[in-house]
Amino acid sequence: MTRIVGNDCAIEIDTNSYSVPWRLIGERVAVTVAAGEVRIRHGVHQVAVHEQSKGRRLRIVDPIHLDGVAGRNGAVRRPEIAAAVQESSPPHSLLRPLAEYEAVIGGSF
């Protein structure tokens, strides 16, 4: 059978979702289910092999298929970017106290 790899890096077989390398999102793949295995090919290359799930509506994922996907290991935060953002804050001497704004508009609310 054939399937198209979804945006979640997976194909669906009998209500179960099986992962495929993320670079194949949107591509058509050939799927063979036999001897308790799900084999997935793209062209002549075998790109994934999973044990066939006996359950329903399960997600079977090989973490290697997600290598290179942003957010795979949690939130995307690089320390050097966080440090640069903190350094780019305006100096305290440029910040005004709220009392100055209240005086301009005629008092607080």
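I began with Val 31 and found that its bridge partner in β5 is Ile 40. The model is predicted, so I kept in mind that local features need pLDDT of at least 70, that side-chain atom pairs count only at pLDDT 80 or more, and that totals for chains, interfaces and linings use all residues. Numbering runs from 1 along each chain as its sequence is written, and side-chain values use heavy atoms, with hydrogens and water left out.

I then looked up the strands (DSSP runs of E, at least two residues, numbered from the N terminus) and their pairing, which requires at least two bridges found by DSSP. Strand β4 (residues 28-34) is joined to β5 (residues 37-42) by five bridges, and the two run antiparallel. They form a hairpin with two residues between them, where Ala 35 in the turn has a positive phi of about 55 degrees. I also noted that β4 runs antiparallel to β1 (residues 2-4), with three bridges joining them, and that Ile 4 has Arg 28 as its bridge partner in β4.

Last, I turned to the open sheet, in which three strands lie in the order β2-β3-β7 with mixed pairing. Because β2 and β7 stand at the edges with a single partner strand each, one side of each is left without a neighbour in the sheet. Tyr 18 has Ile 60 as its bridge partner in β7.

Terms used:
Helices (H or I, at least four residues) and strands (E, at least two) are DSSP runs, numbered from the N terminus.
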